[in-house]
Amino acid sequence: MKVAVVGRGLIGSAAAKYLAQAGASVTLIGPDEPEDWAAHRGVFSSHYDEARITRALDRNAFWARVSRASIGRYRDIEAESGVRFFAEVGSVIAGAADGELVAGVAKVAEASATPVEWLDARAFSTRFPYLRIREGDSAAYEARGAGHISPRNLVRAQGVLAAKLGVDIAVTEVDDVTDGVGGVSLAFAGASRRFDKVLIATGAFCNQLLGEQVADVTPFLRTAAFFELEPAEVARLSGMPTLIHPTPDDDPYILPPIRYPNGRTY
């Protein structure tokens, strides 16, 4: 079976690899990250970054389960591809001790036997003296199997493995999709090719690509603040976990010092 996967992001790159493992003849199509973000006018992806929180703890049992399954594959993917992307620095979710967030996390952690250490405000600031939570808050600390990944490098790792399996990788955008008798035609790189099946893994751009409302997807902006750190501050924060700490008015998350491709640490 000839299958095309449109979208070389986190979902598409993994899907192409697993389809090839299942015996399909796979073509993976999608552009590289643009060199100049400000001038770019084409499709864009959220994996163009060096840090995303990864953890098994969650108040939603489904997300906790699929997260554990994903995290359980990280080291194998790193070893098989030769690309490192997982920093196992631990992760914290904090909130009001008597609130729904903490109750939900505790319930899911118990049901899934996920190791967790519970810290009140004083114990938390003792363990992590550079961080604070509010009095009356409780923090769930997941020390193992949690931390952050480089989504950019995870996509690269999956691409390496896909190529090893014989996946044809086309570094370009798809211009048109035509569903017809006997297959689906894709227009890309100045030509049209027919496939038995096509998997659209383009996230918020699926409606734009297909020219119709096939999914209730609305792109939205999220602001990320980067604070550049001097070497002494990087050393002081070297044991810092990731932190998710919702408040009544906001939903912030914080990551520890991470070195970016420009050589600077934020």
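Two strands pair if DSSP finds at least two bridges between them. Helices (H or I, at least four residues) and strands (E, at least two) are themselves DSSP runs, numbered from the N terminus. Keep in mind that you are looking at a predicted model, in which local features need pLDDT of at least 70, side-chain atom pairs count only at pLDDT 80 or more, and totals for chains, interfaces and linings use all residues. Residues are numbered from 1 along each chain as its sequence is written, and side-chain values use heavy atoms, leaving out hydrogens and water.

Let's start with strand β10 (residues 174-180), which six bridges join to β11 in an antiparallel arrangement.

Now follow β11 onwards. Five bridges join β11 to strand β12 (residues 191-195), again antiparallel, and phenylalanine 188 stands opposite alanine 191 in β12. Here too is a hairpin with two residues between the strands, where alanine 189 in the turn has a positive phi of about 55°. Strand β11 (residues 183-188) is largely enclosed by the rest of the structure, because five of its six residues are buried. Buried means under 20% relative accessible area, exposed over 50%, and partly exposed in between (1.4 Å probe, protein chains only).

Next, turn to strand β2 (residues 25-29). Four of its five residues are buried, so β2 is largely enclosed as well. Five bridges join strand β1 (residues 2-6) to β2, and these strands run parallel. Lysine 2, for example, has serine 25 in β2 as its bridge partner. Between β1 and β2 the chain passes through helix α1 (residues 10-21), making a right-handed β-α-β crossover: with the strands pointing away from the viewer, the path from the first strand over the helix to the second runs clockwise. β2 is also joined by three bridges to strand β9 (residues 168-170), in parallel; there, leucine 28 has isoleucine 169 as its bridge partner.

Is glutamine 158 buried or exposed? Glutamine 158 is buried, with a relative accessible area of 6%. Leaving aside its neighbours within four places in sequence, glutamine 158 is in contact (heavy atoms within 4.5 Å) with Ser13, Ala14, Lys17 and Ile77.
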